[in-house]
Amino acid sequence: ILIILAAVFIVASVLLGYLMAGRAMVPISNAFNRLKEFTADASHELRTPLSIMQSSLEVIEAEDRNKLSSFSLTVLEDLKDEVKRMSNLVNNLLFIARSDNEQQQINKTWFSLTDVLEKLRRNFQYEAEKNQINLNVKSPKSIKAFGDKEKITQLLYIIVENAIKYNVPNGTIEISVYKENNQLRINISDTGIGIPSEHINRIFDRFYRVDQSRSRESGGNGLGLSIAKWIVQSHNGKLEVTSEEGKGSMFSVLLPLPKQNEKEQS
Ligand code: ADP
(Lines give C-alpha, C1' and ligand atoms only; values in the text may rest on other atoms or scores of the structure.)
Protein backbone atom coordinates (compact mmCIF):
# COMPACT_ATOMS: atom_id res chain seq x y z
CA ILE A 1 0.00 0.00 0.00
CA LEU A 2 2.82 2.34 0.92
CA ILE A 3 4.47 1.77 -2.46
CA ILE A 4 1.18 2.47 -4.29
CA LEU A 5 0.63 5.63 -2.21
CA ALA A 6 4.19 6.80 -2.94
CA ALA A 7 3.72 6.11 -6.67
CA VAL A 8 0.39 8.02 -6.72
CA PHE A 9 2.04 10.88 -4.84
CA ILE A 10 4.94 11.04 -7.30
CA VAL A 11 2.66 10.89 -10.37
CA ALA A 12 0.37 13.58 -8.86
CA SER A 13 3.33 15.84 -8.05
CA VAL A 14 4.78 15.44 -11.52
CA LEU A 15 1.39 16.20 -13.13
CA LEU A 16 0.82 19.19 -10.83
CA GLY A 17 4.35 20.48 -11.51
CA TYR A 18 3.82 20.05 -15.23
CA LEU A 19 0.50 21.92 -15.13
CA MET A 20 1.90 24.73 -12.98
CA ALA A 21 4.98 25.08 -15.17
CA GLY A 22 2.75 25.14 -18.26
CA ARG A 23 0.60 27.89 -16.75
CA ALA A 24 3.65 29.88 -15.69
CA MET A 25 5.04 29.61 -19.23
CA VAL A 26 2.00 31.33 -20.79
CA PRO A 27 2.74 34.86 -19.46
CA ILE A 28 6.47 34.36 -20.17
CA SER A 29 5.88 33.36 -23.78
CA ASN A 30 3.33 36.21 -24.18
CA ALA A 31 5.95 38.64 -22.89
CA PHE A 32 8.50 37.20 -25.34
CA ASN A 33 6.06 37.59 -28.23
CA ARG A 34 5.33 41.20 -27.23
CA LEU A 35 9.08 41.87 -27.06
CA LYS A 36 9.60 40.41 -30.56
CA GLU A 37 6.73 42.52 -31.93
CA PHE A 38 8.16 45.59 -30.22
CA THR A 39 11.60 45.00 -31.81
CA ALA A 40 10.01 44.57 -35.24
CA ASP A 41 7.80 47.68 -34.88
CA ALA A 42 10.57 49.86 -33.39
CA SER A 43 13.06 48.87 -36.11
CA HIS A 44 10.47 49.49 -38.80
CA GLU A 45 9.59 52.93 -37.39
CA LEU A 46 13.27 53.93 -37.15
CA ARG A 47 13.93 53.24 -40.83
CA THR A 48 12.14 56.31 -42.18
CA PRO A 49 13.79 58.98 -39.96
CA LEU A 50 17.17 57.35 -40.55
CA SER A 51 16.81 57.42 -44.31
CA ILE A 52 15.69 61.08 -44.11
CA MET A 53 18.80 61.87 -42.03
CA GLN A 54 20.99 60.02 -44.50
CA SER A 55 19.65 61.88 -47.53
CA SER A 56 19.68 65.26 -45.70
CA LEU A 57 23.36 64.80 -44.88
CA GLU A 58 24.05 63.96 -48.52
CA VAL A 59 22.25 67.16 -49.60
CA ILE A 60 24.31 69.26 -47.16
CA GLU A 61 27.49 67.64 -48.43
CA ALA A 62 26.60 68.19 -52.08
CA GLU A 63 25.43 71.79 -51.71
CA ASP A 64 27.58 73.25 -48.95
CA ARG A 65 30.83 71.33 -49.28
CA ASN A 66 32.81 74.41 -50.34
CA LYS A 67 31.36 76.60 -47.59
CA LEU A 68 32.22 74.22 -44.73
CA SER A 69 35.39 74.39 -42.66
CA SER A 70 37.57 71.28 -42.59
CA PHE A 71 36.38 70.66 -39.01
CA SER A 72 32.71 70.76 -40.10
CA LEU A 73 33.52 68.44 -42.99
CA THR A 74 35.06 65.93 -40.60
CA VAL A 75 31.99 66.17 -38.35
CA LEU A 76 29.78 65.65 -41.40
CA GLU A 77 31.73 62.52 -42.42
CA ASP A 78 31.47 61.13 -38.87
CA LEU A 79 27.73 61.82 -38.84
CA LYS A 80 27.30 60.03 -42.17
CA ASP A 81 29.23 57.00 -40.84
CA GLU A 82 27.14 56.86 -37.66
CA VAL A 83 23.85 57.16 -39.56
CA LYS A 84 24.99 54.39 -41.92
CA ARG A 85 25.99 52.19 -39.01
CA MET A 86 22.64 52.78 -37.35
CA SER A 87 20.73 52.01 -40.57
CA ASN A 88 22.63 48.72 -40.87
CA LEU A 89 21.86 47.87 -37.26
CA VAL A 90 18.17 48.71 -37.66
CA ASN A 91 17.92 46.70 -40.90
CA ASN A 92 19.62 43.71 -39.25
CA LEU A 93 17.37 43.95 -36.17
CA LEU A 94 14.32 44.11 -38.40
CA PHE A 95 15.50 41.03 -40.32
CA ILE A 96 16.01 39.10 -37.07
CA ALA A 97 12.69 40.22 -35.57
CA ARG A 98 10.87 39.17 -38.75
CA SER A 99 12.58 35.78 -38.81
CA ASP A 100 11.73 35.25 -35.11
CA ASN A 101 8.10 36.17 -35.81
CA GLU A 102 8.04 33.85 -38.83
CA GLN A 103 7.27 36.84 -41.06
CA GLN A 104 10.29 36.37 -43.27
CA GLN A 105 9.25 35.37 -46.79
CA ILE A 106 11.40 32.88 -48.68
CA ASN A 107 10.64 32.81 -52.40
CA LYS A 108 12.60 29.99 -54.00
CA THR A 109 13.28 29.93 -57.73
CA TRP A 110 16.10 28.78 -60.02
CA PHE A 111 18.45 31.69 -60.65
CA SER A 112 21.86 32.29 -62.19
CA LEU A 113 24.47 32.11 -59.43
CA THR A 114 27.06 33.16 -62.02
CA ASP A 115 25.23 36.49 -62.48
CA VAL A 116 24.94 37.02 -58.71
CA LEU A 117 28.67 36.37 -58.24
CA GLU A 118 29.59 38.62 -61.16
CA LYS A 119 27.55 41.47 -59.67
CA LEU A 120 29.05 40.80 -56.24
CA ARG A 121 32.55 40.98 -57.71
CA ARG A 122 31.74 44.30 -59.40
CA ASN A 123 30.19 45.74 -56.23
CA PHE A 124 33.08 44.75 -53.94
CA GLN A 125 35.92 45.48 -56.36
CA TYR A 126 36.32 49.09 -55.24
CA GLU A 127 36.16 48.26 -51.50
CA ALA A 128 38.65 45.42 -51.96
CA GLU A 129 41.10 47.55 -53.97
CA LYS A 130 40.81 50.37 -51.43
CA ASN A 131 42.00 47.88 -48.78
CA GLN A 132 44.69 46.40 -51.09
CA ILE A 133 42.89 43.10 -51.28
CA ASN A 134 42.75 40.82 -54.28
CA LEU A 135 39.23 39.48 -54.93
CA ASN A 136 38.94 36.41 -57.20
CA VAL A 137 35.82 34.59 -58.29
CA LYS A 138 36.13 31.09 -59.74
CA SER A 139 32.83 29.77 -60.95
CA PRO A 140 31.72 27.50 -63.79
CA LYS A 141 30.46 29.54 -66.77
CA SER A 142 26.76 29.31 -66.09
CA ILE A 143 25.71 27.76 -62.82
CA LYS A 144 22.20 27.83 -61.39
CA ALA A 145 21.20 27.79 -57.75
CA PHE A 146 17.78 27.11 -56.25
CA GLY A 147 16.60 29.45 -53.53
CA ASP A 148 15.59 32.97 -52.64
CA LYS A 149 17.85 35.03 -54.90
CA GLU A 150 17.69 38.16 -52.76
CA LYS A 151 18.45 36.33 -49.51
CA ILE A 152 21.24 34.18 -50.99
CA THR A 153 22.76 37.40 -52.35
CA GLN A 154 22.48 38.98 -48.87
CA LEU A 155 24.17 35.93 -47.33
CA LEU A 156 27.09 36.06 -49.77
CA TYR A 157 27.46 39.82 -49.25
CA ILE A 158 27.69 39.31 -45.45
CA ILE A 159 30.46 36.72 -45.79
CA VAL A 160 32.44 38.62 -48.44
CA GLU A 161 32.11 41.89 -46.52
CA ASN A 162 33.60 40.11 -43.48
CA ALA A 163 36.37 38.62 -45.63
CA ILE A 164 37.32 42.22 -46.53
CA LYS A 165 36.85 43.67 -43.02
CA TYR A 166 38.93 41.01 -41.30
CA ASN A 167 41.63 40.79 -43.96
CA VAL A 168 45.12 42.27 -44.05
CA PRO A 169 46.77 44.55 -46.65
CA ASN A 170 47.85 42.57 -49.74
CA GLY A 171 45.48 39.82 -48.67
CA THR A 172 43.38 37.68 -50.97
CA ILE A 173 39.76 36.55 -51.10
CA GLU A 174 38.79 33.62 -53.26
CA ILE A 175 35.24 32.61 -54.03
CA SER A 176 34.83 29.22 -55.68
CA VAL A 177 31.74 27.27 -56.62
CA TYR A 178 31.46 23.48 -57.00
CA LYS A 179 28.52 21.41 -58.04
CA GLU A 180 28.50 18.28 -55.89
CA ASN A 181 26.02 15.35 -56.06
CA ASN A 182 22.86 17.04 -54.90
CA GLN A 183 24.20 20.31 -53.59
CA LEU A 184 26.15 23.44 -54.45
CA ARG A 185 29.24 24.33 -52.46
CA ILE A 186 30.32 27.97 -52.37
CA ASN A 187 33.66 28.44 -50.62
CA ILE A 188 34.72 31.92 -49.58
CA SER A 189 38.28 31.89 -48.29
CA ASP A 190 40.38 34.77 -47.07
CA THR A 191 43.96 35.28 -45.96
CA GLY A 192 42.93 37.53 -43.08
CA ILE A 193 43.36 37.60 -39.31
CA GLY A 194 41.54 34.28 -38.76
CA ILE A 195 39.38 33.30 -35.80
CA PRO A 196 40.89 31.91 -32.57
CA SER A 197 39.60 28.35 -32.00
CA GLU A 198 38.00 29.21 -28.65
CA HIS A 199 35.70 31.71 -30.43
CA ILE A 200 34.79 29.74 -33.52
CA ASN A 201 31.64 28.12 -32.12
CA ARG A 202 30.24 31.46 -31.01
CA ILE A 203 30.67 33.66 -34.08
CA PHE A 204 27.16 32.75 -35.31
CA ASP A 205 25.58 33.98 -32.06
CA ARG A 206 23.75 37.29 -32.14
CA PHE A 207 25.96 40.27 -31.23
CA TYR A 208 29.03 38.04 -30.77
CA ARG A 209 32.27 39.68 -31.90
CA VAL A 210 35.77 38.32 -31.39
CA ASP A 211 37.29 41.79 -31.29
CA GLN A 212 34.70 44.44 -30.40
CA SER A 213 36.81 47.40 -31.47
CA ARG A 214 37.89 45.97 -34.84
CA SER A 215 34.29 45.01 -35.63
CA ARG A 216 32.96 48.45 -34.59
CA GLU A 217 35.67 50.30 -36.49
CA SER A 218 34.64 48.55 -39.67
CA GLY A 219 30.93 49.21 -39.09
CA GLY A 220 30.06 45.77 -37.67
CA ASN A 221 27.38 44.99 -35.12
CA GLY A 222 27.81 41.26 -34.60
CA LEU A 223 24.55 40.32 -36.33
CA GLY A 224 25.76 39.47 -39.86
CA LEU A 225 26.69 35.83 -39.35
CA SER A 226 23.57 35.03 -37.31
CA ILE A 227 21.53 36.34 -40.28
CA ALA A 228 23.72 34.37 -42.72
CA LYS A 229 23.14 31.19 -40.71
CA TRP A 230 19.38 31.76 -40.61
CA ILE A 231 19.30 32.24 -44.40
CA VAL A 232 21.26 29.02 -45.04
CA GLN A 233 19.10 27.04 -42.61
CA SER A 234 15.90 28.36 -44.17
CA HIS A 235 17.17 26.73 -47.39
CA ASN A 236 17.92 23.45 -45.55
CA GLY A 237 21.59 24.07 -46.21
CA LYS A 238 24.68 24.32 -44.06
CA LEU A 239 27.16 27.06 -43.21
CA GLU A 240 30.57 25.74 -42.20
CA VAL A 241 33.75 27.53 -41.16
CA THR A 242 37.37 26.57 -40.77
CA SER A 243 39.93 29.07 -39.62
CA GLU A 244 43.45 29.49 -38.39
CA GLU A 245 44.45 32.50 -36.34
CA GLY A 246 46.81 34.76 -38.28
CA LYS A 247 46.35 32.77 -41.51
CA GLY A 248 42.76 33.16 -42.64
CA SER A 249 39.30 31.64 -42.72
CA MET A 250 37.10 29.72 -45.07
CA PHE A 251 33.31 29.85 -44.98
CA SER A 252 31.47 27.17 -46.96
CA VAL A 253 27.84 27.59 -47.95
CA LEU A 254 26.18 24.29 -48.84
CA LEU A 255 22.90 24.63 -50.70
CA PRO A 256 20.76 21.64 -51.64
CA LEU A 257 19.87 21.29 -55.31
CA PRO A 258 16.47 19.73 -55.89
CA LYS A 259 16.11 17.35 -58.83
CA GLN A 260 14.77 19.37 -61.73
CA ASN A 261 14.43 18.67 -65.38
CA GLU A 262 17.00 20.24 -67.69
CA LYS A 263 14.48 22.83 -68.98
CA GLU A 264 13.93 24.39 -65.54
CA GLN A 265 17.63 24.51 -64.77
CA SER A 266 18.57 26.23 -67.99
P1 ADP B 1 30.39 41.80 -37.38
O2 ADP B 1 29.34 42.79 -37.72
O3 ADP B 1 31.07 42.09 -36.08
O4 ADP B 1 31.36 41.55 -38.49
P5 ADP B 1 29.40 39.07 -37.78
O6 ADP B 1 28.23 38.40 -37.15
O7 ADP B 1 29.38 39.21 -39.26
O8 ADP B 1 29.56 40.47 -37.06
O9 ADP B 1 30.72 38.26 -37.38
C10 ADP B 1 30.92 37.94 -36.01
C11 ADP B 1 32.39 37.97 -35.66
O12 ADP B 1 33.07 36.88 -36.32
C13 ADP B 1 33.12 39.23 -36.13
O14 ADP B 1 33.00 40.28 -35.19
C15 ADP B 1 34.57 38.73 -36.26
O16 ADP B 1 35.19 38.75 -35.00
C17 ADP B 1 34.38 37.26 -36.67
N18 ADP B 1 34.54 37.06 -38.12
C19 ADP B 1 33.57 36.95 -39.05
N20 ADP B 1 34.07 36.73 -40.29
C21 ADP B 1 35.42 36.69 -40.14
C22 ADP B 1 36.53 36.49 -41.04
N23 ADP B 1 36.34 36.30 -42.35
N24 ADP B 1 37.78 36.54 -40.51
C25 ADP B 1 37.99 36.73 -39.19
N26 ADP B 1 36.99 36.92 -38.29
C27 ADP B 1 35.72 36.91 -38.75
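The largest pocket in this predicted model has a volume of about 1,600 Å³. Its lining consists of 48 residues. Glu161, Asn162, Lys165, Ser218 and Gly219 are the lining residues that lie nearest the centre of the pocket. By class, the lining of the largest pocket divides into 18 nonpolar, 17 polar and 13 charged residues.

Six elements are listed below by name: α2 (70-100), α3 (113-130), α4, α5 (212-217), α6 and β7 each supply at least two residues of this lining. The greatest share comes from α4, which gives 10 residues.

The ligand sits in this largest pocket. Two or more residues of the shell around the ligand come from each of α4 (149-165), α6 (224-234) and β7 (248-256). In total, 19 residues surround the ligand, and the closest are Asn162, Tyr166, Ser215, Asn221 and Leu225. The shell contains 8 nonpolar, 8 polar and 3 charged residues.

| Residue | Protein atom | Distance to a ligand oxygen atom |
|---|---|---|
| Ser215 | N or O atom in the side chain | 2.6 Å |
| Tyr166 | N or O atom in the side chain | 2.7 Å |
| Leu225 | polar backbone atom | 2.8 Å |

Taken alone, the ligand exposes 530 Å², of which the protein buries 97%.

Terms used: Residues numbered from 1 in each chain as written. Predicted model: local features only at pLDDT ≥ 70, side-chain atom pairs only at ≥ 80, totals over all residues. Heavy atoms only, no water. Near = heavy atom within 4 Å. Polar contact = N/O pair within 3.5 Å; in protein donor to acceptor, adjacent residues only side chain to side chain. Areas by Shrake-Rupley, 256 points an atom, 1.4 Å probe, with all protein chains shown as cover. 1 Å grid on protein atoms, 1.4 Å probe; cavity = no way out; pocket = protein on both sides within 12 Å on 5 of 7 lines; lining within 4 Å. Sits in = over half its atoms within 2 Å of the grid points. Helix = DSSP H or I, 4+ residues; strand = E, 2+ residues; numbered from the N terminus. Nonpolar A, V, L, I, M, F, W, Y, C, P; charged D, E, K, R; others polar. Points joined across faces, edges and corners; volume = space filled by probe spheres on them.
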